[in-house]
Amino acid sequence: MTGDPRDGRIVVVGASLAGLRAAETLRDAGFTGALTVVGDEPHPPYDRPPLSKQVLLGDVPADSTGLPVRRDPDAEWRLGVAATGLDPLARRVLLADGESLPYDRLLIATGTRARPWPVPGEAALDGVFTLRTREDAAGLAARLAAGPQRVLVIGAGFTGSEIASACRKRGLEVTVAERGPAPLVGALGGTLSRLAALMHREHGVDLRCGVTVTALLGDGAGRFAGADLSDGSRVEADVCVVALGAVRNVEWLAESGLAAGPRGIACDAGCRAFTRYGIVTDDIFVAGDVSRFPHPLFGYQMISLEHWGNAVAQAEVAAHNMVSPGPLRRPHLSLPVFWSTQFGRNIKSVGVPTYSDHVVIAQGSLEAGRLAVVYGYRGRVTAAVTVDMAKSVDYYRHLIETAAPFPPPPGAADRALAADVPLPSDVPDPGELSHEPVVALTGHLPDRRLMVVQPPG
């Protein structure tokens with residue numbers, strides 16, 4: 001594109017958190033051209049974290065989770081229509097209603113959707129839910145409020161664990177089935193997963209680990225009635241929540257030539273998308289859950305990250321770079337941060353826990369259920385996770401940012417660090433789990449799409 005980067009036509013595909021914050025930042029950065037935001041859901045942007053917490057508890061209705069608008073982005077909103085294709089040569093986004101939108105610059109922020117139960121007939125049983133959208137949360141909350149006899153949750157990642165927590169707070173019987181050895185093990189490793197398992201069981205969850213669900217069962221009238229497990233047991237339940245992780249919304253880009261695959265869309269540190277051959281584009285940008293981006297603190301490996309804070313930070317960087325000449329562009333280098341509340345406890349993480357070979361309990365203890373665990377890789381600090389000790393997170397953030405040696409030195413805010421012997425981090429192969437890590441390293445190569453690319457000719 002030639003001319004003033006603050007003019008022209010920008011299309012944002014994805015009308016959730018990242019899309020909204022990018023649109024606002026574009027205007028804050030001086031963009032005066034035509035701005036169009038496309039979203040496949042019919043609603044204006046809304047907040048998703050409350051869906052598995054306050055909404056399921058009945059504290060707030062699902063339709064009251066709209067995101068605050070920091071400023072009017074003066075955009076044309078095309079809601080309830082999905083993008084179905086991209087023609088990067090003609091610079092047009094193809095829509096499900098048959099129209100196409102021309103652009104000078106494009107931001108892809110299509111995020112993820114819930115991974116469905118793989119057997120369509122079983123997934124269609126009345127009482128089987130996933131949890132991603134406002135409609136999902138409203139339907140599940142209504143069913144929980146009706147007082148089912150038992151809820152089966154398939155998958156013990158963060159979403160599955162938060163759902164189980166909400167069920168128990170409502171006084172409902174709940175069974176959790178997890179293929180891996182413990183809840184949250186894929187995200188936090190073996191040490192903290194033991195505490196997670198204890199939290200489930202102390203709060204009355206029927207936790208089944210090391211098993212898979214082999215079939216969802218109906219009652220003959222189209223209603224969910226239970227499930228068979230791989231250990232030969234059967235769980236009788238009248239509600240099932242499938243919490244098997246997320247699918248990145250990249251299928252519409254299959255013919256686009258971009259490096260888009262199951263792990264997301266590869267981009268550089270400035271949020272510019274790569275082609276499938278590893279060539280950086282200059283008019284297509286990526287932000288939010290659908291992105292894969294390199295980070296210097298983690299060996300320049302590509303990171304996939306599903307969380308609120310990253311969506312905001314990356315959207316703001318992408319928007320800034322879309323309207324800035326090359327020398328004024330900036331990198332997206334913020335540390336991954338995510339949090340969860342479950343069973344009355346607050347879990348907060350900074351860095352990449354899966355990028356580790358050892359951990360040390362730096363504060364507190366597993367027995368007390370209040371602690372800080374520091375993760376290291378090849379002798380330097382790479383992550384930290386706190387349980388009911390969130391005020392310590394900033395201290396550990398500094399250690400990660402400065403590549404401090406592992407085990408970490410004394411100096412935490414509320415007491416000296418413990419001199420515990422480091423333990424193996426016990427991060428399992430993701431293939432052993434029912435859920436996926438919230439933040440994952442996906443390798444060095446931006447064009448790694450987990451499929452064969454045939455060169456032209």
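**The C-terminal reductase domain, a cavity and a buried histidine**

In the UniProt record, an unreviewed entry, the annotation "domain: Reductase C-terminal" covers residues 338-408. The structure examined here is a predicted model.

Strand pairing was examined for E26. Strand E26 (residues 358-365) pairs with strand E27 (residues 370-377) in the antiparallel sense, over seven bridges. Within this pair, His 358 stands opposite Gly 376 of E27. The hairpin formed by E26 and E27 has four residues between the strands, and Gly 369 in this hairpin takes a positive phi near 75°. E26 also pairs with strand E29 (residues 423-424), again in the antiparallel sense, over two bridges. In that pairing, Val 359 stands opposite Leu 423 of E29. In a regular strand, side chains alternate between the two faces of the sheet.

Empty space is located by rolling a probe the size of a water molecule over the atoms. The structure holds two cavities of 30 Å³ or more, and the largest cavity has a volume of about 40 Å³. Leu 184, Leu 188, Leu 192, Leu 195, Ala 196, Met 199, Ile 347 and Val 387 line the largest cavity. Helix H6 (residues 185-202) supplies the largest share of this lining, with five residues. By residue class, the lining of the largest cavity comprises eight nonpolar residues, no polar residues and no charged residues. Ile 347 and Val 387, both among the lining residues, fall within the annotated range of residues 338-408.

His 295 lies in the loop between strand E22 (291-294) and strand E23 (302-305). His 295 counts as buried because its relative accessibility is 1%, and buried means under 20%. Leaving aside neighbours within four places in sequence, His 295 is in contact with Tyr 300, Gln 301, Ile 303, Leu 333, Ser 334 and Leu 335. One of these contacts, Ile 303, belongs to strand E23 (302-305). His 295 and Ala 319 are 24 residues apart along the chain, and their C-alpha atoms are separated by 19 Å.

Notes. Residues numbered from 1 in each chain as written. Predicted model: local features only at pLDDT ≥ 70, side-chain atom pairs only at ≥ 80, totals over all residues. Heavy atoms only, no water. UniProt positions renumbered as here; feature names shortened; annotations may be inferred. 1 Å grid on protein atoms, 1.4 Å probe; cavity = no way out; pocket = protein on both sides within 12 Å on 5 of 7 lines; lining within 4 Å. Points joined across faces, edges and corners; volume = space filled by probe spheres on them. Nonpolar A, V, L, I, M, F, W, Y, C, P; charged D, E, K, R; others polar. Pairing = 2+ DSSP bridges. Buried < 20%, exposed > 50% of the residue type's maximum accessible area, 1.4 Å probe, protein only. Contact = heavy atoms within 4.5 Å.
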